[in-house]
2 protein chains.
Amino acid sequence: MHSRPGTAPTIETIARHAGVSTASVSRVLRGLGGRPDTVARVRAAATELGYVPNAMARSLRGGQSRQVTFAMPDIGNPVYIAMVRRIQQVVRAAGYRLLLHSTGADPAEELAALRALADRHSDGLILCPIRVTPAHLEELARSAAPVVVIGSVPEEVPVDSVRADSVTGAELAVRHLVAAGRRRIGLLNGPADTVPGAARHRGYERGLEVCGLPHDPALTSFGRFDAVSGEAAARDLLARVPGVDALFCANDLIAVGALRALRGTGRDVPADVAVVGVDNTDLAEACWPPLTSVDLGSQERGRLAAELLIARLDASGRPPVSRLAVQPRLVVRGSCGSTAGTTATHKEMS
Amino acid sequence: MHSRPGTAPTIETIARHAGVSTASVSRVLRGLGGRPDTVARVRAAATELGYVPNAMARSLRGGQSRQVTFAMPDIGNPVYIAMVRRIQQVVRAAGYRLLLHSTGADPAEELAALRALADRHSDGLILCPIRVTPAHLEELARSAAPVVVIGSVPEEVPVDSVRADSVTGAELAVRHLVAAGRRRIGLLNGPADTVPGAARHRGYERGLEVCGLPHDPALTSFGRFDAVSGEAAARDLLARVPGVDALFCANDLIAVGALRALRGTGRDVPADVAVVGVDNTDLAEACWPPLTSVDLGSQERGRLAAELLIARLDASGRPPVSRLAVQPRLVVRGSCGSTAGTTATHKEMS
DNA sequence: CGCGTAACTGCAAACGATTACAGTGGGATG
DNA sequence: CATCCCACTGTAATCGTTTGCAGTTACGCG
């Protein structure tokens with residue numbers, strides 16, 4: 001069983017055991033010189049007693065916890081898992097531990113995550129908000145530790161960020177559907193008052209406009225960013241406008257729900273209705289037909305965000321604020337009855 | 001931007017500001033009495049200066065970090081996400097933060113997670129190992145902080161654990177397939193030398209035996225626990241034994257791969273080949289046809305593990321070792337051409 | 001042999017909070 | 001008015017580590 005409190009050897013134990021001062025133990029163990037015999041004795045004592053430095057004491061003294069937090073809306077959405085994976089890679093390589101915080105897309109929880117930085121348990125935060133309220137901006141401005149936002153923040157807030165170009169992504173999807181001969185393209189969106197919801201709506205309208213198609217509000221529906229909501233919204237829309245020949249879904253979860261609804265109402269995908277999702281998650285490969293999806297570079301956003309944060313933490317000088325954007329890429333699969341594709345890039349913007 | 005180091009107010013700052021000692025500040029802020037005017041002054045100073053107690057200092061003094069770690073094999077597998085979600089719920093409710101560690105099913109990483117407890121950055125660990133080596137048992141026995149294992153550990157290791165009954169789960173699946181009229185049932189397994197791999201293999205054999213079917217080793221294949229491996233294994237098996245009429249897959253990822261292979265070789269599911277997965281993840285609902293899957297109670301295992309850990313952390317007395325087991329349950333969907341089901345229970349075993 | 005220099009070492013002060021202990025005051029009681 | 005009690009407060013030690021500073025030692029060189 002695990003050791004009783006007060007049992008673990010401290011630097012003091014080692015010092016007594018090796019007949020030197022605690023200062024020497026610390027120095028030897030951190031590799032800062034020492035006479036060969038001292039080094040040997042300390043090393044020996046340390047291994048013999050199985051000494052491990054106390055991380056909390058070290059953090060207190062050193063002023064940093066070597067931990068970073070990732071706060072995301074919903075751990076059930078595979079797109080965030082993709083981010084977590086990359087973030088974990090980067091931060092672990094840099095010697096940081098990763099704390100997780102699934103906020104449930106609740107602004108209050110997001111603010112809590114930001115405010116929690118004040119207690120210094122975390123050296124930095126990667127925040128993936130889905131709505132950005134004035135309160136967010138306020139807290140971002142006075143945050144106690146560096147924050148990197150995955151998403152869009154107004155220019156005037158001097159915070160590192162990595163955003164996807166959702167608008168262009170949605171436009172890409174619509175144009176692809178039009179190129180494939182679709183004319184009555186529905187939009188199954190998430191909540192209208194979220195940043196991604198608004199952006200994808202805008203991109204959808206822009207896509208229609210560019211292609212010279214009319215914008216029929218009856219083809220647009222708002223719900224949540226999950227499969228259950230997606231299925232319900234699709235059924236609704238299909239009932240309301242039976243002639244729909246394509247559905248652009250604001251994320252892959254919604255798309256999966258839509259596929260279910262389409263099967264449930266006896267339509268073939270892609271023959272009767274084409275479907276396109278967003279995020280290019282593992283789900284897109286798992287479902288049937290395989291889902292054409294707009295890849296918003298979640299992996300890359302995760303990696304970049306983590307790298308930005310680490311850079312800011314490790315840099316002694318204050319690097320200038322970075323605002324990165326990742327370019328969308330359409331990954332064509334079976335659900336839209338077509339085969340053309342585009343490729344991804346990301347570019348730095350400021 | 002975030003505040004420069006040394007800027008944040010400490011208990012000392014508040015003390016000076018309120019004209020009292022640091023002890024009084026601490027007491028007031030922890031709600032341990034005080035004269036009304038003192039309380040008022042301290043509270044006022046604290047809010048005015050935006051004081052937040054330093055978590056590291058508190059941890060050092062208090063001897064606990066109020067953090068727990070969850071180490072799992074693969075964050076890309078939705079079954080572990082289901083666990084994370086529940087674990088996070090429980091530990092947050094108890095006032096703990098959650099650290100994440102995806103080990104990549106690498107025993108060395110798992111051992112590292114165990115040993116990392118020695119630096120006291122985490123008060124406890126929930127470990128989900130996929131192999132259990134003697135080294136694991138050794139480290140478990142001398143771990144520096146409480147550990148709860150999700151999975152099977154030998155009786156003689158006195159560690160809290162929550163296990164699924166994979167053997168019975170696999171047996172359930174096979175019996176169901178036989179009841180649905182299948183006779184040549186293949187097994188697409190993960191690695192043979194893993195605990196779940198071995199258990200599911202055993203359950204598969206037991207199922208065949210109980211139903212009086214011959215056990216043909218040609219129908220069994222071992223690979224990894226992911227979709228790519230599942231697809232390859234399925235193609236192999238189908239080429240080797242064209243007459244297979246059912247595939248029992250050791251997890252949902254493998255099953256998703258198998259579905260792809262079946263479609264690729266022009267077979268209908270469930271008409272030609274029935275498919276059953278394990279874990280009942282979100283994927284089972286997302287794919288087509290919807291996947292019949294053995295629910296091994298991942299959500300409940302996550303919850304129970306977290307509760308066990310919290311109980312051991314908060315309890316002053318040492319609670320006896322708990323070994324919980326969660327009962328499997330078959331969730332029938334379209335992929336096996338049948339409609340009967342069973343229900344889940346879990347029971348305490350020691 | 002004396003001196004300067006360099007390497008090593010130990011003491012003690014931080015880091016920021018909690019808390020045992022002792023002191024202070026006020027009010028109630030005799 | 002003296003006494004006791006109690007609630008409150010402050011001092012200082014403590015958690016375990018790192019690190020500035022000063023003191024020690026050894027060694028090379030003139």
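Author: A residue is buried if 20 or more other C-beta atoms lie within 10 Å of its own, exposed if 12 or fewer, and partly exposed in between, with C-beta atoms placed from the backbone. The model discussed here is predicted: local features need pLDDT of at least 70, side-chain atom pairs count only at pLDDT 80 or more, and totals for chains, interfaces and linings use all residues. Residues are numbered from 1 along each chain as its sequence is written, while chains are lettered from A and ligands numbered from 1 in the order in which they are written.

Reader: Is L114(B) buried or exposed?

Author: L114(B) lies in helix α6 (residues 107-115) of chain B; helices (H or I, at least four residues) and strands (E, at least two) are DSSP runs, numbered from the N terminus. Because 24 other C-beta atoms lie within 10 Å of L114(B), this residue is buried.

Reader: Which residues is L114(B) in contact with, leaving aside its neighbours within four places in sequence?

Author: Two residues are in contact if their C-beta atoms, placed from the backbone, lie within 7 Å. With those neighbours set aside, the partners of L114(B) are L125(B), L127(B), E139(B), L140(B), S143(B) and V147(B).

Reader: What radius of gyration does chain A have?

Author: The C-alpha trace of chain A spans about 85 × 45 × 35 Å along its principal axes. The radius of gyration is taken over C-alpha atoms, and the globule rule is 2.2 Å times the number of residues to the power 0.38. A compact globule of 350 residues would have a value near 20 Å, but chain A has 26 Å.

Reader: How many nonpolar residues has the side of chain A that touches chain B?

Author: In the pairing of the chains, 41 residues of chain A are in contact with 41 residues of chain B. The elements giving two or more residues to this side of chain A are α4, α5 (78-93), β2 (97-102) and α12 (282-286). Ala, Val, Leu, Ile, Met, Phe, Trp, Tyr, Cys and Pro count as nonpolar, Asp, Glu, Lys and Arg as charged, and the others, Gly among them, as polar. By class, this side has 4 charged and 11 polar residues, and its number of nonpolar residues is 26.

Reader: Which element gives the most to the surface near DNA strand D?

Author: A residue is near a strand or molecule if its C-beta atom, placed from the backbone, lies within 6 Å of it. Of the 26 residues around DNA strand D, T10(A), I11(A), A23(A), A23(B) and T38(B) come nearest. With 5 residues, the element that gives the most to this surface is α4(A).

Reader: Which element gives the most to the surface near DNA strand C?

Author: Around DNA strand C there are 25 residues, of which A23(A), T38(A), T10(B), I11(B) and A23(B) come nearest. This surface has 8 nonpolar, 11 polar and 6 charged residues. The element that gives the most, with 5 residues, is α4(B).
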